[in-house]
Amino acid sequence: MIRKNVCEILASLPPGVELVAAVKQRYPGEIIEAVRAGVSIIGENYVQEAEEACAAVGNGVRWHFIGRLQSNKVGRAVRIFDMIQTVDSLSLAAEIDEKCRQIGKVMPVLIEVNSGREKRKSGVLPESLEHLIEGICDLHNINIQGIMTIGPLLENPDRLRPFFADTRRLFEQIRDMRLPGVEMRYLSMGMTDSYKIALEEGANMVRIGTRIFGERPEK
Ligand SMILES: *Cc1c(COP(=O)(O)O)cnc(C)c1O
């Protein structure tokens, strides 16, 4: 089933769009099956889970962090991950920068935007994005490569469209500023229920779990 799902999704994505397989709560065996079917980027929400999965799956794939990163886990995270998609504050960026400096690494990151302006959601508010990026782009061991958003949890995914469209406008605005150290290559938005809409609104990276692996088990 996993193989068939991955093949269907990969065949349906326009050229130039990257698939991130969101693997929270999946077993390493399931992740390996997805990789054999053509997945090349694994999205992990938890550092501990990623360490275990990475030991089983190996370095033949790219590992992206897509969860909430606690500052006390940054040192472990920068060792495993090839990209951190959820940078939303200068303090978190500074911690990543320092830990990367210690191991001689430059970490590609995406800045997470709270496109729905929701109270308890992660991500920087849209109106604060530019200021945050200007602060982070001075850090030598971080390379900003784009923007990520989740958006509100809505029953009808078509209602996410305006949030994706707003995020795309921000992406283009920052890109056109041509800031030093800022690349704006990736616009990461869209999950199982919303990725088709996200693609229509300009996403070039989608993060998909359920559509690949089935419903997550209750844990
Ligand atoms: C779980 C998760 C996804 C994938 O969600 P599905 O609805 O299972 O496709 C994507 N992005 C993030 C940040 C997630 O935590």
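**Helix H1**

I started with what covers the buried residues of H1: the cover includes strand E1 (18–22), helix H2 (28–36), helix H8 (195–200), strand E8 (205–208) and helix H9 (210–213). I took helices (H or I, at least four residues) and strands (E, at least two) as DSSP runs, numbered from the N terminus. This is a predicted model: local features need pLDDT of at least 70, side-chain atom pairs count only at pLDDT 80 or more, and totals for chains, interfaces and linings use all residues. Residues are numbered from 1 along each chain as its sequence is written, and side-chain values use heavy atoms, with hydrogens and water left out.

Which residues of H1 (residues 2–12) are buried? I found Ile2, Asn5, Val6 and Ile9. Buried means under 20% relative accessible area, exposed over 50%, partly exposed in between (1.4 Å probe, protein chains only). Seen down the axis of H1, the buried residues fall within an arc of 95 degrees, so they line one face of the helix. The arc is that of the directions from the helix axis to the C-beta atoms. An α-helix has 3.6 residues a turn, so residues three or four places apart point the same way.

**Ligand**

I listed 13 residues around the ligand; Lys24, Asn45, Thr192, Gly209 and Thr210 come nearest. Here "around" means a heavy atom within 4 Å. I then looked up the polar contacts (a pair of N or O atoms within 3.5 Å; within protein, one must be able to donate a hydrogen and the other to accept it, and residues adjacent in sequence count only if both atoms are side-chain atoms). The side chain of Thr192 has an N or O atom 2.4 Å from a ligand oxygen. For Asn45 the corresponding distance to a ligand oxygen is 2.9 Å. Arg207 places a polar side-chain atom 2.9 Å from a ligand nitrogen. The ligand alone exposes 390 Å², and the protein buries 90% of that. Those areas come from the Shrake-Rupley method with a 1.4 Å probe; for residues, only the protein chains shown count as cover.

**Cores**

The largest nonpolar core has 66 residues. I used the rule of buried Ala, Val, Leu, Ile, Met, Phe, Trp, Tyr and Cys residues joined through side-chain atoms within 4.5 Å. Ile96, Ile111, Ile144 and Ile212 have the most contacts inside this core. Its largest share, five residues, comes from helix H3 (residues 47–57). Another core lies apart from it, with seven residues, among them Val20, Ile41, Met83 and Tyr186.

I placed Thr149 in strand E6 (residues 142–149). Thr149 is buried, at 0% relative accessible area. A polar atom of its side chain lies 2.7 Å from the backbone oxygen of Val113. Beyond four places in sequence, Thr149 touches (heavy atoms within 4.5 Å) residues including Phe164, Ser188 and Arg207.

His64 sits in strand E3 (residues 62–65). His64 counts as buried at 2% relative accessibility. Its side chain makes a polar contact of 3.0 Å with the side chain of Gln85. Val20, Ile41 and Met83 are among the residues that His64 touches, not counting those up to four places away in sequence.

**Positive phi**

Most residues other than glycine have a negative phi. I noted a positive phi of about 50 degrees at Arg178 and of about 50 degrees at Met184. Are these sites buried or exposed? Arg178, in the loop between helix H7 (161–177) and strand E7 (182–188), is exposed at 72%. Met184 lies in strand E7 and is buried at 5%.
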